[in-house]
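Here are some exercises to work through with the model open beside you. Each task comes with a stepwise solution.

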Amino acid sequence: MAGQGTTTDVAPAGTGRREYSKSEGAGRRRIGPGLRTFLIFVALVALGALIFPSSYFYRVGTLVWINTLAVTGIVVLLGYVGLVSLGHAGFFAIGAYVTAIGPNYGIPSPLAMAGGVALAGLLALIVGRPILKLSGYYLAIATLGLGMLIWMVLSKEAWLTGGPDGMVVSGMNARNLFKMVGLSLKSAEAWYWVAGLVAAIGAAIAVNLAGSPSGRALRAIHDSDVAARSLGVDVAKAKSRAFVISAIYAAVAGALLALANGYITPDTGGFMHSVEMVTMAVLGGAASVYGALVGALILTALPQVLTVFADYEHMVLGGIMVLTMILMRRGLVPFIADLWNRRKS
Amino acid sequence: MSLEIDGIGISFGGIKAVDDVSFTAKPGEVTSIIGPNGAGKTTLFNLVSGVYAASAGRVRIDGKDVTGLPAHALARRGMARTFQNLQVFPQMSALDNVMTGCHMQEKSNLLADLLGLGPARRETDRSRASAMAALERAGLAELAHRPASEMSYGQLKRLEIARALVTGCTILLLDEPAAGCNAVETREVDDLIHAIADEGKTVVLIEHDMRMVMRISSHIVVLDQGRKIAEGGPEDIRTDPHVIAAYLGAHGAAEAEAAAHA
């Protein structure tokens with residue numbers, strides 16, 4: 001009975017499993033799984049750049065990669081370890097707001113960004129230890145409360161954050177980064193590439209983790225907390241690490257959003273944003289980074305295609321969650337991979 | 001290393017599931033715990049391995065008091081176990097399951113793991129090699145890449161033994177390792193346990209298969225309703241009237257007898 005509740009069966013590692021076992025055969029001569037994932041992601045970023053007809057597409061594309069990055073953090077937490085967080089928008093918003101506030105106090109954007117990420121990581125470390133003792137629904141509620149607190153601070157402390165109206169983010173433009181290497185891109189294109197490359201790095205890191213000693217310990221906790229302990233895994237420490245890592249993913253994504261959009265509101269830290277992140281992970285398949293990408297792509301692009309969606313956003317999110325749970329509990333990517341494998345054999 | 005259990009006990013809602021049980025398991029020997037269903041055998045294992053906190057008594061490893069240490073700390077002191085109700089990692093391959101057992105030997109840091117640096121890969125390669133060797137030993141080498149969820153009960157039992165072995169344990173607690181195994185497999189498990197004890201490890205075994213118990217045990221502890229009712233060598237236990245009354249019965253005694261003369 002001990003530990004049975006700590007893991008959720010939301011996201012068994014379907015395609016993930018194949019990913020790992022492939023990596024087993026890879027010796028020194030073949031490229032590692034992390035690098036391979038990085039290259040696949042970069043190819044997809046480039047593919048977008050090749051087919052996008054206007055700045056509008058680049059802006060949506062940028063959002064897709066930023067969301068992919070944030071959801072990759074959820075994959076580490078939910079897909080690898082089996083922990084549900086409904087407060088990750090809070091970490092996302094900390095990354096975004098510190099990046100936005102920094103320049104107002106003379107701190108340059110890159111430094112402010114690093115500060116925001118560090119602050120989110122530190123908060124996850126401090127808050128994680130006590131709340132990660134909880135499991136299942138209790139943990140979800142505790143993280144929900146944490147997210148609410150952060151959202152309230154952002155909404156109320158108008159002197160610092162601009163309050164409910166949000167604030168303008170001054171500072172960096174990604175265009176200048178590319179100018180340094182002699183490339184002249186439009187601002188939207190430049191942010192698209194930056195977001196895409198950071199998402200690719202994030203995906204590679206998550207894949208590296210999955211096949212590493214620490215990653216095996218995390219996946220072990222997902223399947224059996226008791227057995228993981230009996231093998232010497234310090235479960236509390238491992239969970240705390242995963243929580244911090246996933247908070248850092250969210251904060252980096254938040255910082256990128258602040259810079260790319262040039263404007264942020266407290267909604268980035270709102271409950272609905274947390275739910276959105278988890279829905280993306282569950283829809284795509286929480287066990288793999290490709291699930292994060294597919295979930296982020298669908299739920300970011302869909303509202304753009306169906307403008308009517310905006311009015312019913314909450315209903316559609318809820319509906320997608322319910323249908324995913326009923327029809328394909330492991331998410332879209334494992335579901336399609338299974339269909340594909342069945343057809344082949 | 002020897003494992004000393006001294007007057008250990010735990011109550012659940014006023015019922016003493018394990019009550020004042022003492023025994024010592026010595027290195028190089030197989031110590032078996034037998035008794036009817038509900039006698040408290042698995043609860044005893046859970047107490048010893050840190051899953052439950054004992055309400056009375058001490059556990060010592062080589063004279064050092066380890067009572068109340070959490071499970072992962074006990075693992076670090078050389079204790080490994082398998083589970084009666086199977087605690088495998090069903091979503092991982094058999095190989096990954098066993099590789100997880102190498103956790104304590106893996107000297108890699110989180111940064112190297114995240115960036116896929118040399119140490120992470122080297123440790124993974126090393127764990128893979130020792131996990132393959134352990135799978136080989138447990139007769140599961142061909143199933144290395146099979147997801148654990150697709151393996152049979154008997155195979156999973158042996159998978160747990162392989163996973164416990166790679167931890168580098170000196171004390172191994174086995175909870176019904178032969179359950180779900182056919183006669184041939186039981187014999188294999190039997191040989192495996194023998195070999196493990198011969199390496200000088202301290203083996204503590206819970207098992208219902210009396211033939212197996214009598215064949216491989218040096219020492220037997222009999223529990224009934226949470227209390228120790230007898231202790232001794234296979235010969236003493238087989239003929240102990242209390243044990244026959246409480247557990248073995250006429251049939252069990254005959255089985256044990258048959259094993260003795262087999």
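Two residues are in contact, or touch, if their C-beta atoms, placed from the backbone, lie within 7 Å. The model is predicted: local features need pLDDT of at least 70, side-chain atom pairs count only at pLDDT 80 or more, and totals for chains, interfaces and linings use all residues. Residues are numbered from 1 along each chain as its sequence is written, with chains lettered from A in the order in which they are written.

**Exercise 1.** Find which residues B:Ala162 touches, not counting residues up to four places away in sequence.

**Exercise 2.** Work out how helix 2 of chain A and helix 9 of chain A are oriented to each other.

*Solution.* Step one: take helix 2 (residues 33–51) and helix 9 (residues 187–210) of chain A, whose axes come within 8 Å and cross at roughly 155 degrees. Helices here are DSSP runs (H or I, at least four residues), and strands are E runs of at least two, numbered from the N terminus. Axes are lines fitted to C-alpha atoms, for helices over the stretch in contact, with angles from 0 to 180 degrees between N-to-C directions.

Step two: angles over 145 degrees count as roughly antiparallel. Helix 2 and helix 9 of chain A are therefore roughly antiparallel to each other.

**Exercise 3.** Describe how chain B meets chain A.

*Solution.* First, 37 residues of chain B are in contact with 33 residues of chain A. Next, helix 3 (94–100) and helix 5 (118–137) are among the elements of chain B that each supply at least two residues of that side.

Notes:
Parallel < 35°, antiparallel > 145°, perpendicular 65-115°, else oblique.
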